[in-house]
Number of protein chains: 2
Amino acid sequence: MTGKTMARKAAIIGGGVIGGGWAARFLLNGWNVSVFDPDPQAERKIGEVLANARAALPALSDIPMSAEGKLSFAQTITEAVEGADYIQESVSERLDLKHRVFAQIQQSAELGTPIGSSTSGFKPSELQEGAANPSVIFVAHPFNPVYLLPLAEVVPSAKSDAKVIENAKTILREIGMFPLHVRKEIDAHIADRFLEAVWREALWLVKDGVATTEEIDEAIRMGFGLRWGQMGLFEIYRVAGGEAGMKHFMAQFGPCLTWPWTKLMDVPEFNDELVDLIAGQSDAQSGHHTIRELERIRDSNLIGFLRALKDRNWGAGKVLREHDDRRRAAFHAEGHGSEAAPLRLAQMQVLPGWIDYNGHMTESRYLFAASETSDAFLRLIGADMDYVAGGHSYYTAETHIMHLDEAKLGDRLVGTLQVLSADEKRLHVFMRIERDGAPVATIEQMLLHVDMAAGKTCPAAQSVLDRLLPIAKAHASLPKPEAAGRHVGQRK
Amino acid sequence: MTGKTMARKAAIIGGGVIGGGWAARFLLNGWNVSVFDPDPQAERKIGEVLANARAALPALSDIPMSAEGKLSFAQTITEAVEGADYIQESVSERLDLKHRVFAQIQQSAELGTPIGSSTSGFKPSELQEGAANPSVIFVAHPFNPVYLLPLAEVVPSAKSDAKVIENAKTILREIGMFPLHVRKEIDAHIADRFLEAVWREALWLVKDGVATTEEIDEAIRMGFGLRWGQMGLFEIYRVAGGEAGMKHFMAQFGPCLTWPWTKLMDVPEFNDELVDLIAGQSDAQSGHHTIRELERIRDSNLIGFLRALKDRNWGAGKVLREHDDRRRAAFHAEGHGSEAAPLRLAQMQVLPGWIDYNGHMTESRYLFAASETSDAFLRLIGADMDYVAGGHSYYTAETHIMHLDEAKLGDRLVGTLQVLSADEKRLHVFMRIERDGAPVATIEQMLLHVDMAAGKTCPAAQSVLDRLLPIAKAHASLPKPEAAGRHVGQRK
């Protein structure tokens with residue numbers, strides 16, 4: 001969605017950490033959001049989640065973010081859901097409460113509007129009991145932090161309307177999520193069953209004094225946790241089985257099933273003693289960080305993981321790329337006019353992921369900004385992807401960068417391009433990456449036109465030269481930039 | 001360890017995927033390794049693991065790798081353990097076999113040499129039964145891929161010699177691992193109890209038709225898997241509990257313990273039908289990749305995660321930094337900085353996300369590769385994150401890039417750096433991004449040492465100059481690169 005399209009509306013019922021995460025995801029993807037939560041602290045709480053999300057989500061994107069939607073706080077459920085295109089319930093985990101909320105929603109929501117529930121444990125058929133229109137109520141179970149983790153378990157029941165479910169999945173994809181369609185309803189869906197299994201085992205280990213909370217966390221994050229963030233259980237074991245594959249792995253570890261490797265045959269007594277033991281160990285482990293600090297650390301780590309996967313087009317990184325593709329398509333290219341002045345070709349904003357540990361835009365992003373600019377120029381003269389598919393392209397032979405100032409988080413940058421000289425084979429350009437009209441860096445480049453199959457230079461197509469040479473001629477009257485023709489370390 | 005110090009020797013008994021991973025870790029950290037495995041395929045298998053490790057482990061390091069140790073294949077256990085400083089057993093998971101192996105080892109190994117076992121399930125007291133010297137036998141349980149994942153669960157028994165255990169933990173740290181001391185022995189130690197719990201639950205879900213292997217893997221890697229790679233179970237839940245903390249979280253989720261959220265109260269029957277069902281689903285999910293491909297994808301993803309954590313000095317990334325610190329100290333102690341040769345500082349592989357629509361490495365990644373190289377150099381001379389935190393840093397003023405060839409997907413690149421000149425404030429460097437020893441690009445840069453608060457140049461700290469100037473002096477005798485001092489478009 002962009003500002004030019006009519007923004008859609010999401011209603012968020014329940015504004016805790018989960019509801020706030022949903023609100024942030026919709027807002028930052030251009031949806032208007034109306035939140036209903038009777039808690040007088042709701043506005044502050046949502047504001048905190050939103051601040052975290054605003055710092056984190058843009059770091060995953062490689063194109064400028066959509067304009068944020070409008071956030072409002074409704075006094076009633078009726079007000080919240082009025083005109084909503086999607087409704088998400090995230091109230092406390094009590095079935096009677098959820099039933100009352102659904103009843104109120106369905107008094108005023110439009111008939112076909114999807115109503116997703118963030119429930120960790122209830123089955124959709126339980127949520128639907130007694131509803132006026134059960135067919136639009138389903139489970140859409142997200143994972144904290146909702147604004148960063150892509151997973152949403154989408155669980156319909158036999159009563160669900162298949163079209164509503166497909167519509168909901170499309171909407172979830174549009175806000176960058178990965179809807180996992182769970183085909184058979186079950187208590188706690190899929191992921192939380194694993195979490196519960198590990199949680200029960202962990203409680204035993206702490207209770208029996210085998211390990212502290214810190215030791216258990218190290219046992220997870222130094223080993224299999226890293227594996228599971230990029231492949232899951234089965235794919236990792238498939239690899240471990242080696243060339244002999246999955247059957248070999250299973251034959252090797254099948255017998256363990258009968259060994260006393262977990263205590264999950266029963267459940268530890270949940271009493272104050274156990275709570276105190278765990279809370280105390282957790283304080284010793286993590287108490288030197290506030291919860292806010294831990295949230296930021298967690299988000300920064302997740303951004304790092306997600307960017308790594310995005311570079312590799314794998315797992316959650318694939319979801320991010322697909323999201324970018326959708327948003328890029330929705331973004332309409334501005335009209336590029338050619339004047340007797342440097343061409344303004346690319347606009348971008350400095351994202352959190354572009355910052356180095358000095359707090360400045362990392363060096364390679366200046367060249368990235370220049371590439372965005374020169375790519376736009378090549379498209380302008382017709383040396384676009386179709387041209388490349390035909391076997392010809394411009395390659396960069398040489399680059400000189402002057403760093404004049406430091407771009408910082410959130411800065412809006414404009415890339416301009418001036419043609420210094422051009423002939424059939426050579427294209428010599430000078431780019432300025434500007435902030436508020438002043439360059440933060442200049443980039444001078446020599447591009448050569450090549451026949452890709454032959455691997456050598458050749459004249460550009462006449463259609464390209466017909467666009468390029470008039471611009472070069474117009475730019476010949478511009479003053480030569482001071483930095484052009486410099487070598488590194490040359491005195492000014 | 002480096003080539004100049006007397007290399008120590010590790011004996012690896014059992015050369016499968018796990019034994020091979022141990023061998024690789026020791027070798028790449030400069031240890032000599034002797035492997036014993038009667039399997040005629042052992043040499044080939046170890047070779048394959050070692051090839052993976054050689055491609056992966058250097059990508060985690062910011063200082064030049066140590067010279068590799070010497071790998072040999074022993075005909076007998078006696079030959080393998082002769083003169084060994086550390087012995088690791090990774091034979092099949094059969095207690096009688098392990099007992100026979102320990103008996104043979106102890107006939108010839110030196111008395112105090114630690115003998116670690118890679119066992120997934122046996123307790124150290126079980127391993128020690130009937131041994132000539134039980135006090136040196138303990139569990140050192142690693143995680144596949146052993147050459148990348150830092151975790152080793154170190155489990156002693158009451159009979160263990162505390163000094164041997166401490167020595168073993170020191171050695172494990174020296175090869176870059178994180179020894180987690182498990183204080184109370186228990187079947188399957190800690191991590192595998194969680195893996196077993198999840199495995200049992202997953203088998204049920206597949207058997208009951210709730211989810212396929214692929215859906216289960218997505219449920220893990222799109223959500224909590226990403227959380228667990230950087231914080232563990234308890235720290236993540238502490239954050240989820242919000243300001244109210246761990247007790248609040250437990251109060252909220254305590255009741256679930258009595259709900260039917262896992263099936264782990266019993267165990268699915270392990271029969272051919274279940275094996276076929278899972279192997280078939282796994283083929284459908286992952287069969288379009290060979291195991292070798294999956295290994296490389298897994299390793300590349302893990303490198304991305306580990307680098308992200310290293311940038312943030314968190315979790316497994318902290319272990320990597322500490323390992324670099326140890327190796328950096330050795331590097332300087334042995335005078336490597338004063339050799340008259342460009343420093344090999346960064347190794348990387350061209351990832352799918354680095355490719356443009358020509359199929360070539362995108363332009364800005366050449367500068368990224370140079371940044372990795374110059375960052376590694378700055379860390380080498382002590383201008384690291386702590387130095388920056390103290391208010392000083394090197395900024396890049398000017399950059400000149402020559403594109404000499406095109407790097408393609410999967411290419412392995414090495415960044416080398418030659419100091420052209422250096423004084424108190426200025427650092428003029430020339431970097432080559434090489435593939436197979438030939439440069440694909442060269443990058444010349446002028447860096448200025450700055451007082452960040454004042455926003456102007458100032459002399460570097462003496463400790464930095466003490467490391468930088470000897471390198472500059474040594475490099476002064478190197479020929480000036482042809483491309484140094486060029487301006488864009490200059491004739492050759």
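I began where the chains meet: strand β10 (residues 392-403) of chain A and strand β10 (residues 392-403) of chain B are joined by 5 bridges and run antiparallel. Strands here are DSSP runs of E, at least two residues long, and helices are runs of H or I, at least four, both numbered from the N terminus. Two strands count as paired if DSSP finds at least two bridges between them.

Before going on, I noted that this is a predicted model, in which local features need pLDDT of at least 70, side-chain atom pairs count only at pLDDT 80 or more, and totals for chains, interfaces and linings use all residues. Residues are numbered from 1 along each chain as its sequence is written, and chains are lettered from A and ligands numbered from 1 in the order in which they are written.

**β10 of chain B**

I looked up two bridges across the chains. A:Met402 has B:Glu398 as its partner, and A:Thr399 has B:Ile401. Within chain B, 11 bridges join β10(B) to strand β13 (residues 438-451), and these two run antiparallel. There, B:His392 pairs with B:Asp451. I then checked burial: 10 of the 12 residues of β10(B) are buried. Buried means 20 or more other C-beta atoms within 10 Å of the residue's own, exposed means 12 or fewer, and partly exposed is in between; C-beta atoms are placed from the backbone.

**The contact between the chains**

Contact means C-beta atoms, placed from the backbone, within 7 Å.

I picked out B:Ser364, in helix α14 (residues 363-380) of chain B. Not counting residues up to four places away in sequence, B:Ser364 touches A:Ser364, A:Leu367, A:Phe368 and A:Ser371. B:Ser364 is buried, because 22 other C-beta atoms lie within 10 Å.

**Helix α11 of chain B**

I checked the length of α11 (residues 272-286) of chain B. At 1.5 Å a residue, its 15 residues should span 21 Å, and the end C-alpha atoms are 21 Å apart, which agrees. The expected span is 1.5 Å times one less than the number of residues. B:Ile278, B:Ala279, B:Ser282, B:Gln285 and B:Ser286 are buried. Down the axis of α11(B), the buried residues fall within an arc of 120°, so they line one face of the helix. That arc is taken from the directions from the helix axis to the C-beta atoms. On the other side, B:Asp272, B:Glu273, B:Asp276 and B:Ala284 are exposed.

**Chain A as a whole**

I counted 16 helices and 14 strands in chain A. Of its 492 residues, 53% are buried. The C-alpha trace spans about 80 × 55 × 45 Å along its principal axes.

Eight strands of chain A form an open sheet of mixed pairing, in the order β3-β2-β1-β4-β5-β6-β7-β8. A:Ile13 stands opposite A:Phe36 in β2(A).

Definitions and conventions: Two residues are in contact if their C-beta atoms, placed from the backbone, lie within 7 Å.
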